[in-house]
Amino acid sequence: MRTRRLAPLALLAAGSLALAACSSGGSGDSGGDGGEALDSLSIMAPYFSTTPPEDDDPVGAKLAELAGLDLDMHWVPNAEYGDRTNVVLAGDEIPDVMVIQQKSQGFVQTAEAGGFWDLTEHLASGDYPNLVTENPEVQQAASVNGTVYGVYRARDVVRTSITIRKDWLKNLGLEEPTDTDELMALAKAFTEDDPDGNGKDDTYGMIIPAWGASIGTGSPYDAIETWFGAGNVWKDEGGELVPSFTTPEWKQALDYEKELIQNGYVNKDYATMDGSTQWNEPFLNGKGGIIIDVQSRASQLAGLFKEKDPKTYDQFVALQGNIAGPNGDFALPTPGYSGFLAVPKASVQTEDQLKQVLTALDKLASKDAQILENNGIEGDNFTVDGEHAVFDKSKQDYTDLVSGSWAQIGTNVAGYEAYKPKPETAYDEELENERLELQAKDLEKAAFNPGAALVSETYMTNGVQLDQVIADARIQYISGQIDEAGLDAAIAQWKSSGGDAVTAEMNELYGQLG
Amino acid sequence: MTAVVDVERAGTPAPPAPAAVRRPRRRWAKVVRFRWLLLMMLPGILYFLLFRIWPMWGAQIAFKNYVPFLGIQGSEWVGFHHFQEFFSNPDFPRLLGNTLILAGLSLFVAFPLTIVLALLLNEVRLSVLKRTVQTLVYIPHFLSWTVVVSLTALLFAIGTGPLSSFLDGFTGTETNYLADPDWFRPLILLQTIWKSTGWGTIIFLAALASVDQEQYEAAVIDGAGRWQRTWHITLPAIRPTIIVMLILQTGEILNTGFEQIYLMSNALNRTVADVFDTYVYFTGIQQGAYSYSTAVGLSKAIVGLVLIFGTNWLAKRFNQQGIF
């Protein structure tokens, strides 16, 4: 029995160290080629398409031609990208360029220890015109306390919106809501007044999926809280940063959310519904009628209705932007970027190599490259009609592949220059115009996160656990599991277990950079 | 299964050498004598060296502020800082409690059920029936946790799942079984029982097969009923197996739950669902807090050790043979 008796012990002691196992000394020689010029550029990036592009992908070949370097792409499914980033950072095979999706502890610690090139000066120098940002605030927000470690991937600043069943509005003779009270009334009407007219009590108002255990991630809850005037993660009150969840507006918003849920105006499985696969379903099948999410949700839903019936599909989707709350009129913006392309020093070791990498990235951000990354290959899967791209229906799979993968290495910091898809019908165009209109309107009232660029040291070590305390308390409060005292206790716990230090450090940094 | 046990028994440098003569020649002779057994042990030894002992080198990052770029050697020592932080964290008692409760449920409810099922199967006379039932109860073992959890999600979906509607019919209220913290542990236990009870009977059935049949015959002659035979002959006969399996189970228990628990947890039941493994995954892999999560993992290993030694000690207290 001797081998037996070792087994559980060793398992216990070592099983937990799987982490350590994949982390033997990452500092080293992965790039391997010392000071010589790079002959290929390895890039790690996420993909959303069903499969990653093949090695001999035509877009890849053309991009390599533009960049002047072979591209060695490391595609990682988006769902596991965060995990993989942390594992790769701790491993030996570090690529030349990495898409960093979030300023996680693993990334920031590595960056502050000198593991990534500081690109602040290089990008400001103007040597790489396609990498010079048109929105310095966004670049600042993507930085770590002012140090720019990567070329950010630009995104629309205003994306939050409300998508509503248009036919239900019409059936009940209601208008799109313009403030939170009207939204509540609408959710109530969609639940209780039989909006689909089938005589059965089988509908509800708002569709909310399960959300990760963090705050300020663009969830429907975050949107409502911003509309109530609770700020956006942080709130500047008289020059001082306060966490949004310590404001009275936040609590007011939570009571609103609680009312929505307790009255049954929201799907019952709001805590478990899988947002990535099931969010659209109730809307399409006529179970729920309101979704608070990004604007592209509306066009996505319109597309799905179109698949069902191209003749009537324009009857179902109405789009509304950010709405006013009881304490003013605010919009929840995105940070304006979605991660950034950073250059690890482990593989790119000399200034010359860095220049080579940045030159390549500059080329990969040129207009020609943007078209390849976002549209595909002209004459193959799309043709150009004026300012728009017309996609070949028979090659839709390839178009999806391109936009689900190559678009991920696009930065577009100096402006988006690829073609926009040509609206197929008047309704598509109407939806697109409405989207642009709402963007312009909501931008004026956007509540930006004043602490976006700031990374507090304490937050780096326990921020995740701290966020989770609040996110869990929020949903527990809304679901009725805990009362106001419980919510206050959670906030007190946040403060005592590091939150107070985070606030103090953030304010110090805010003062320095402000 | 018996075959495997035999090999392992044989693998121990068993029959005590007659008169402990410590001449190297003798020892060498022993090596030669057991050469095939030693050879057979080699892959096992290599496995442990490579995948269990060697990674221990990396465990030192629990005592450092590990930054991958600086490497294990280059990172700065911080002593017990990460452990202090973890033990003073309000998460710690919660994690420990959740882990121990789930482990206890599995040990004190699921494990005895395995024995009961093995005893029941052992009593089945009709061999066709016995084999069919055995095959059927083994099947869930081969399903991955993802499948089991998906099935649970379908069966217990609020309002629409067949089982949740059925249960709601009794209580008259609509419960969200998947999100209700009170239902988390029962569901986990139910899944564990469904998935692993059948498979767990294999070892006990093997042990039961080796019980001396003459004892039963003698007992029957003495007028012992079925219950009495089970209680006085069968159970004592397989007691050593039960004890060994119990101790081994305690060791495994902290490791096995990750996938199941991770998949079953959500925002509303996290207070009872967070265990050491999910926490390590969350902080270490997802957030890149390498040193901190390694410290948490090591703390878990300590809890595991305590559990094993505890069970072993208890076994000895009750005059049973422990495993060490």
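Predicted model: local features only at pLDDT ≥ 70, side-chain atom pairs only at ≥ 80, totals over all residues.

**Terms and the values behind them**

Analyst: Start with A:E432. A:E432 has a relative accessibility of 25%.

User: What makes A:E432 and A:R435 a salt bridge?

Analyst: The closest N and O atoms of A:E432 and A:R435 are 3.2 Å apart. The cut-off is within 4 Å. The pair therefore qualifies as a salt bridge.

User: Why are A:E432 and A:R435 said to be separated by about one helical turn?

Analyst: Because they are three residues apart in helix 18 of chain A.

User: Which salt bridge joins A:R435 to A:D156, and how do you know that it counts?

Analyst: The side chains of A:R435 and A:D156 meet at 3.6 Å, N to O. The rule asks for within 4 Å, so this is a salt bridge. A:R435 lies in helix 18 (residues 426-443) of chain A, while A:D156 is in the loop between strand 4 and strand 5 (160-165), so the pair ties together parts 279 residues apart in sequence.

User: Are A:R435 and A:D156 buried or partly exposed?

Analyst: A:R435 has 18% relative accessibility. Buried means under 20%, so A:R435 counts as buried. A:D156 has 36%, so A:D156 counts as partly exposed.

User: What makes A:K395 and A:D380 a salt bridge?

Analyst: Their closest N and O atoms are 2.9 Å apart. With the cut-off at 4 Å, the pair forms a salt bridge. The pair links distant parts of the chain, 15 residues apart. A:K395 is in the loop between strand 13 (388-391) and helix 17 (396-404) of chain A. A:D380 is in the loop between helix 16 (367-374) and strand 12 (382-385) of chain A. A:K395 has a relative accessible area of 32%, so A:K395 is partly exposed. A:D380 has 31% relative accessibility, so A:D380 is partly exposed as well.

User: Why do opposite charges pair at all?

Analyst: Side chains of opposite charge can pair when their charged atoms come close.

User: What makes the phi of A:N145 worth a remark?

Analyst: Most residues other than glycine have a negative phi. A:N145 is not a glycine, yet has a positive phi of about 50°. A:N145 lies in the loop between helix 7 (136-141) and strand 4 (150-154) of chain A.

User: What is the phi of A:V233, and where is A:V233 found?

Analyst: A:V233 is not a glycine either, and has a positive phi of about 65°. A:V233 is found in the loop between helix 10 (220-227) and strand 7 (234-237) of chain A. At 27% relative accessibility, A:V233 counts as partly exposed.

User: Now chain B. How many helices and strands are in chain B?

Analyst: Chain B has 16 helices and two strands. Of its 324 residues, 42% count as buried. The C-alpha atoms of chain B fill a box of roughly 70 × 60 × 35 Å along the principal axes.

User: Which residues of chain B make a nonpolar surface patch?

Analyst: The patch includes B:W36, B:L39, B:M40 and B:I45, and covers about 900 Å². Membership needs over 30% relative accessible area. B:I45 has 39%, so B:I45 is partly exposed and passes that cut-off. B:I45 sits in helix 3 (residues 35-53) of chain B.

User: Which residues is B:L155 in contact with, leaving aside neighbours within four places in sequence?

Analyst: B:G161, B:P162, B:L163 and B:S164. Contact requires heavy atoms within 4.5 Å. B:L155 is in helix 8 (residues 145-156) of chain B. At 32% relative accessibility, B:L155 counts as partly exposed. The C-alpha atoms of B:L155 and B:F166 are separated by 10.0 Å.

Terms used: Residues numbered from 1 in each chain as written. Chains lettered and ligands numbered in written order. Heavy atoms only, no water. Helix = DSSP H or I, 4+ residues; strand = E, 2+ residues; numbered from the N terminus. Buried < 20%, exposed > 50% of the residue type's maximum accessible area, 1.4 Å probe, protein only. Patch = residues over 30% accessible without salt bridge, like charges linked within 9 Å, V, L, I, M, F, W, Y side chains within 5 Å. Areas by Shrake-Rupley, 256 points an atom, 1.4 Å probe, with all protein chains shown as cover.
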